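Good morning, and thank you for making time for this item.

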Amino acid sequence: MACVGTLDMVALNHIPVNLEFASVRDMVNERGEWDVAKFSHFLPNEAINDVMGMVPPVNGNDPDKVTWGLTCNGQFSTKSAYHFVMQSSQGPTHKVWKVIWKLKAGDMDTNFFSNDLTNWIYRNVTNHTCHLDGFPWSSVFVVALSTLWHYRNGMVFAAKHVLPNELVRGILCKAAEFNHVLSTHNSANVSKPPTVSASINWTYPTYPFMKCNVDTSLRDGGLKAACGGLFRNETGAWLGGFVRNIGTASITISELWGILSALQMAQSLRVKYLCIETDSKTAVAFISKGVVDSHPCRAIILAIKSLMDSVGVVNISHTYREGNRATDWLADYAFQFTLGYHILPAPPHGLFPILRDDLADISFVRSIFL
């Protein structure tokens, strides 16, 4: 396991004798799902969530391959290895720390760590008197928030690591670019990419196709992930739905779980002509174009393509979130269920208003870049 090590390293209790030499396949039930009952009594919740977020092995999958966990595509790079080795052995030495130590009391916000969130943000984005490396603190602050969030997502979802020194340098470089663009914008009109207003709504499938919309939801930075989907025919009638409480997964893996779950349900419904819609362009591109052998999404993509062949004619396309409202609701609803896949024979009561909007062709306006 990439996140927590081998199971015996994290087990809370003694592993049963019959499982000491078990393979991964032994942890999968006859339906092809993880058999949680076999390991839930001796593993911590974090490990269980990590396992559930991975696609179980299936017949026909490629042989095991080595994946480098410190890059987003699973391929080794000297840079990522160097960063990993050096991040704990070097402390921050950039001149910004010297600047901070030399700040006079009058230059500092004495309530920086005690303000509530709203006031904290407001005080910092409106602070035009303090400067850091010649840049207004208000600019540095907003750039720092954006950069920290970007690097945090890279670390959580793609195992990207960065040294504190590089992070600080990146913030100051972006602050310089930000102030340059801001000054340019103030001195001249900057052309913006052309956009067009479009009315977006859920659309009916064309017979003989059935449509399944899928969506995902993440909480606690990906520590909790879930997805949902629903099947409708050319009249908009509900044919069935599903939710899956995934466990721990990235946003892309979660979107792919939604598509895989849709294909699993299509197989059980004996659907032969299927249109799947998702608001994840990345998931659509990964399935249509493929990924390298070492990519962390490869296993679930192989499972998706295998099911696509067994179902029949399957079209997977992108839709905007405004046309995917029902499954956006279902993805949040999925957190109420236990880990795993759950079928919904009838629509939940809270979903009725959105389903009525879809049947009535209610649309929502959004700006789309040309």
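Let me begin with Gly 258, which counts as buried because its relative accessibility is 1%; buried means under 20% relative accessible area, exposed over 50%, and partly exposed in between, with a 1.4 Å probe and protein chains only. This is a predicted model, in which local features need pLDDT of at least 70, side-chain atom pairs count only at pLDDT 80 or more, and totals for chains, interfaces and linings use all residues. Residues are numbered from 1 along each chain as its sequence is written, and side-chain values use heavy atoms, with hydrogens and water left out.

Gly 258 sits in helix 8; helices (H or I, at least four residues) and strands (E, at least two) are DSSP runs, numbered from the N terminus. Apart from neighbours within four places in sequence, Gly 258 is in contact with Val 214, Cys 227 and Phe 242, where contact means heavy atoms within 4.5 Å.

Now the wider view. The protein chain has 12 helices and 10 strands. Of its 370 residues, 40% are buried. Among contacts with a separation of 6 or more, 71% are between residues 24 or more positions apart.

I turn next to helix packing. Two packed helices are described by the angle between their axes and the distance between the axes. Here the axes are lines fitted to C-alpha atoms, for helices over the stretch in contact, and angles run from 0 to 180 degrees between N-to-C directions.

How do helix 8 and helix 10 cross, and at roughly what angle? Helix 8 (residues 251–268) and helix 10 (residues 298–311) have axes that come within 10 Å and cross at roughly 25 degrees. Helix 8 is therefore roughly parallel to helix 10; angles under 35 degrees count as roughly parallel, over 145 as roughly antiparallel, 65 to 115 as roughly perpendicular, and the rest as oblique. The crossing is left-handed, a term used if the near helix is turned anticlockwise from the far one by less than a right angle, with right-handed used if clockwise. Residues making the contact include Leu 256, Leu 260 and Leu 263 of helix 8, and Ile 300, Ile 304 and Leu 307 of helix 10. By class, the contact of helix 8 with helix 10 has 14 nonpolar, 3 polar and no charged residues. For these classes, Ala, Val, Leu, Ile, Met, Phe, Trp, Tyr, Cys and Pro count as nonpolar, Asp, Glu, Lys and Arg as charged, and the others, Gly among them, as polar.

Helix 8 also packs with helix 9, their axes coming within 9 Å and crossing at roughly 70 degrees. The two are therefore roughly perpendicular to each other, and their crossing is right-handed. Thr 252, Glu 255, Leu 256 and Ile 259 of helix 8 meet Thr 282, Ala 283, Phe 286 and Ile 287 of helix 9. That contact comprises 5 nonpolar, 2 polar and 1 charged residues.

The remaining pair is helix 11 (residues 325–333) and helix 12, with axes 9 Å apart and an angle of about 165 degrees. Helix 11 is therefore roughly antiparallel to helix 12, and the crossing is left-handed. Arg 325, Ala 326 and Trp 329 of helix 11 make the contact with Ile 354, Leu 355, Asp 357 and Asp 358 of helix 12. The residues there divide into 4 nonpolar, no polar and 3 charged.

Finally, some backbone details. Most residues other than glycine have a negative phi, and most peptide bonds are trans. Which bond is cis in this model, and what is its omega? The peptide bond joining Tyr 207 and Pro 208 is cis, with omega about 10 degrees, and Pro 208 lies in the loop between strand 3 (195–200) and strand 4 (210–219).

Arg 270, not a glycine, has a positive phi of about 60 degrees. Arg 270 is in the loop between helix 8 and strand 7 (273–278) and is exposed, with a relative accessible area of 71%. Asp 361 likewise has a positive phi of about 60 degrees; Asp 361 belongs to the loop between helix 12 and strand 10 and is partly exposed at 43% relative accessibility.

Thank you; I shall be glad to take questions.
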